[in-house]
Amino acid sequence: MKRLGLLLLVPVSLVIGLWAGPVTFTPLELWDGLIHPYADAADIVRELRVPRVLLAFLVGGSLSIVGASLQALLRNPLADPYLLGLSGGAGLGAVLAIALNPDWPWAVPAAAFAGATGAVALVYRLSVVAGRRLDPRVLLLAGVVVGSFAGAIMTTVVSLSEAAELRRAFLWLLGGFGASSWRAVWVFSAYAALPLVLLFLSARSLDLLSLGEESAKHLGADVERNKRLVYIATSLLTAASVAVCGIVGFVGLVVPHAIRRLGTPMHRELLPAAFLAGGAFLVLADALARTVVRPLELPVGAVTAIVGVPLFALLLRRNYT
Amino acid sequence: MRRFGLVVLALALAAGCRTEPPARTGVRIVDDAGDTVTAALPVHRVVSLNPAVTELLFAIGAGGAVVGRTAWCDYPAAAAAVPSLGDGINPNLEAIVARKPDLVLLYTSGQNTDAVRRLAQLGIPALRFRTDSLSDVPRVAGVLGRLTGRQSGADSLSRAFAADLAGATTPPAPYRPTVFLLVWDQPPMTVGRGSFLTELLERAGTENLFADVASSSAPVSIEAVAARNPDVILALGAEPPAFLSRPEWQVVPAVRERRLVREEGSEFSRPSPRAPAAIRELRAALHEALQ
């Protein structure tokens with residue numbers, strides 16, 4: 001029943017995502033725009049809305065899988081995709097690109113990606129230096145420390161640059177799918193495929209890891225290898241999603257918990273369910289973000305939390321009564 | 001303390017001894033934030049933390065009285081010789097006091113309320129002026145003329161400005177093309193009704209594509225731009241906007257066909273005596289882009 005609900009949620013969210021926007025189409029116009037390349041609505045539907053909805057779905061799904069995996073890896077329910085210093089690194093990269101303003105249309109996403117992977121490398125190095133093995137507690141600490149460090153440099157850069165630039169940098173970081181294109185969809189899918197498959201394949205070792213490392217070892221898992229694999233795959237996915245749409249909070253933290261509450265504790269089911277639910281959730285949040293105050297747009301990261309927190313509170317209540 | 005005594009003396013003089021006016025009298029002035037401030041006129045040392053005001057002070061011949069400015073006061077060139085005191089919003093009080101001003105002029109921003117209050121405690125009168133539209137140019141010039149004793153300079157500036165503005169906006173354009181004002185690309189941001197740029201565009205015989213948006217700085221979606229289909233895109237900045245080559249922007253016909261105008265310079269970002277020239281420049285550039 002719940003599975004059926006989830007499977008239905010995906011097409012419903014995609015249709016709503018396609019239909020919602022600053023321009024209102026009738027269902028017929030929308031359909032025409034979708035299938036006929038020369039229909040009136042074709043430009044907007046085919047070149048803007050379809051890539052935007054697909055990208056939101058892919059990113060939402062990826063973030064929520066990353067959240068689920070990190071929560072198991074770190075055995076910490078508060079883990080989210082940005083916990084391990086990624087948001088700080090990405091923010092620093094983006095702000096530097098905005099401040100330097102190079103003459104290249106992809107400079108900001110590329111710099112955000114570079115910043116995020118830089119932070120990941122630093123965190124990884126720190127946590128491996130501290131001991132031979134990857135200790136989740138050290139990883140957590142290193143992540144928070146590197147994140148604060150990058151955040152402090154970012155604040156310094158921002159406070160030394162123009163006031164208008166500051167606002168723009170923060171708007172970019174708050175996230176949005178305004179710059180979606182087919183090219184972004186292809187690049188993200190090609191890139192995200194490998195880490196996504198790796199995470200799906202790690203489902204069993206995540207089950208074991210969430211029991212604790214000792215138990216996992218006794219049950220025959222190659223704990224060290226799995227931990228590194230999960231950490232690198234999640235980091236690469238998050239870095240790519242930051243490059244695509246900035247920092248979209250809440251999805252990666254709460255969607256996995258919501259799915260667990262619905263009674264899917266094993267990662268083999270949890271991960272695909274989290275992917276579908278996260279994708280659908282972000283598509284709907286983005287649809288809201290671009291319609292509530294049209295023709296203006298809200299940052300999607302704000303919408304995910306405003307809509308998601310009450311939803312999650314309802315879910316918590318329902319399970320306790 | 002000395003300054004405080006001076007203000008009290010000036011107040012007393014203004015209240016009672018009208019028969020024997022001293023060289024400097026305390027005058028009550030109401031600023032655009034609604035504050036009433038008493039200052040001894042004319043003032044000789046002015047810190048201007050509003051680029052539009054700095055420009056007007058120089059334009060009415062009171063540039064010599066300016067002893068502090070913001071980092072953005074880039075016009076006229078002579079303003080560069082005045083020490084910069086930062087970016088003007090929520091200013092550094094120590095830097096202001098060090099310039100020993102007898103008047104501080106700020107922009108009417110809520111963020112400046114605290115600075116005005118603390119300057120008053122230090123005995124330094126501070127006034128806030130709204131400088132958002134073309135009509136503020138002669139209005140504020142008049143007040144500044146009174147404050148600095150340059151009434152005649154302010155009057156002749158206002159007359160010249162009115163004539164220049166009338167000349168720049170005639171003849172009226174045969175039709176009003178729509179212009180999408182792009183101030184930033186990631187996310188796309190434009191300006192709405194009530195901003196100075198919207199007024200400039202209207203005076204130049206065009207219409208802001210998002211004149212229905214109340215906020216003066218607003219993120220919009222590419223889809224909304226595409227649906228409204230602007231005749232021209234006006235980008236502000238030193239370099240051509242690189243992102244216009246990105247695939248998602250090609251949905252907008254004006255981007256595809258490169259109907260693009262680029263302008264830079266502070267005459268486009270704040271009301272000033274240079275506004276009529278900016279309008280002429282805009283008219284010519286837009287006309288060329290629409291050929």
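This is a predicted model: local features need pLDDT of at least 70, side-chain atom pairs count only at pLDDT 80 or more; totals for chains, interfaces and linings use all residues.
**View 1**
The C-alpha atoms of chain A fill a box of roughly 60 × 55 × 35 Å along the principal axes. For 321 residues a compact globule would have a radius of gyration near 20 Å, and the 20 Å of chain A agrees with that expectation. Buried residues make up 53% of the 321 residues, and among the contacts in chain A with a separation of 6 or more, 76% are between residues 24 or more positions apart.

Of the 291 residues in chain B, 51% are buried, while residues 24 or more positions apart account for 59% of the contacts with a separation of 6 or more. The accessible surface of chain B comes to about 12,700 Å², and 54% of this area belongs to carbon and sulfur atoms.

The size of an interface is often given as the accessible area lost when the parts come together. Between chain A and chain B, the buried area is about 2,600 Å², of which carbon and sulfur atoms give 64%. On the side of chain A, the residues that lose the most area to chain B are P105(A), R168(A) and P295(A), which together account for 22% of what that side buries. In terms of contacts, 31 residues of chain A touch 29 residues of chain B. One pairing across the two chains places R246(B) over the face of W106(A), at 4.1 Å from the ring centre.

**View 2. Two stacked aromatic pairs are found in chain A.**
Over all chains, the count of aromatic pairs comes to 7. In one of them, the rings of Y124(A) and Y231(A) have centres 5.8 Å apart and planes at 10°, and because planes under 30 degrees apart count as stacked, this pair is stacked. Y124(A) lies in helix 5 (residues 107-130) and Y231(A) in helix 11 (residues 223-245), so the pair ties together parts of chain A that are 107 residues apart in sequence. Y124(A) is partly exposed, with a relative accessible area of 22%, whereas Y231(A) is buried at 0%. In another stacked pair, W182(A) and W186(A) have ring centres 5.6 Å apart and planes at 25°. Both of these tryptophans lie in helix 8 (residues 182-201), 4 residues apart, or about one turn of the helix. W182(A) is partly exposed at 26% relative accessibility, and W186(A) is exposed at 56%. Elsewhere in chain A, the residues F57(A), F200(A) and F275(A) form one aromatic cluster.

**View 3. S272(B) is a buried loop residue.**
S272(B) sits in the loop between strand 13 (260-263) and helix 10 (275-289) of chain B, and its relative accessibility of 1% counts as buried. Leaving aside residues up to four places away in sequence, S272(B) touches E55(B), V137(B) and F161(B). The C-alpha atoms of S272(B) and C73(B) are separated by 12 Å, although the two residues are 199 residues apart along the chain.

The peptide bond from L41(B) to P42(B) is cis, with omega near -5°, and P42(B) lies in the loop between strand 2 (36-41) and strand 3 (46-48). Another cis peptide bond joins Y75(B) and P76(B), with omega about -5°, and P76(B) is placed in the loop between strand 4 (66-68) and helix 3 (93-98). The ring of Y75(B) has R274(B) over its face, at 3.7 Å from the ring centre.

**View 4. Two arginines in loops have a positive phi.**
In R75(A), which is not a glycine, phi is near 50°; R75(A) belongs to the loop between helix 3 (42-73) and helix 4 (86-100) of chain A and is partly exposed, with a relative accessible area of 41%. In R258(B), likewise not a glycine, phi is positive at about 55°. R258(B) is found in the loop between helix 9 (253-256) and strand 13 of chain B, where it is partly exposed with a relative accessible area of 46%.

Technical notes
Residues are numbered from 1 along each chain as its sequence is written. Chains are lettered from A and ligands numbered from 1 in the order in which they are written. Side-chain values use heavy atoms; hydrogens and water are left out. Rings of Phe, Tyr and Trp (its six-membered ring) pair if their centres lie within 6.5 Å; planes under 30 degrees apart count as stacked, over 60 as edge-to-face and the rest as tilted. Buried means under 20% relative accessible area, exposed over 50%, partly exposed in between (1.4 Å probe, protein chains only). A charge sits over a ring if NZ of Lys or CZ of Arg is within 6 Å of the ring centre and within 35 degrees of the ring normal. The radius of gyration is taken over C-alpha atoms; the globule rule is 2.2 Å times the number of residues to the power 0.38. Contact means heavy atoms within 4.5 Å. Buried area is the accessible area (1.4 Å probe) that two parts lose on being put together, summed over both. Accessible areas come from the Shrake-Rupley method with a 1.4 Å probe; for residues, only the protein chains shown count as cover.
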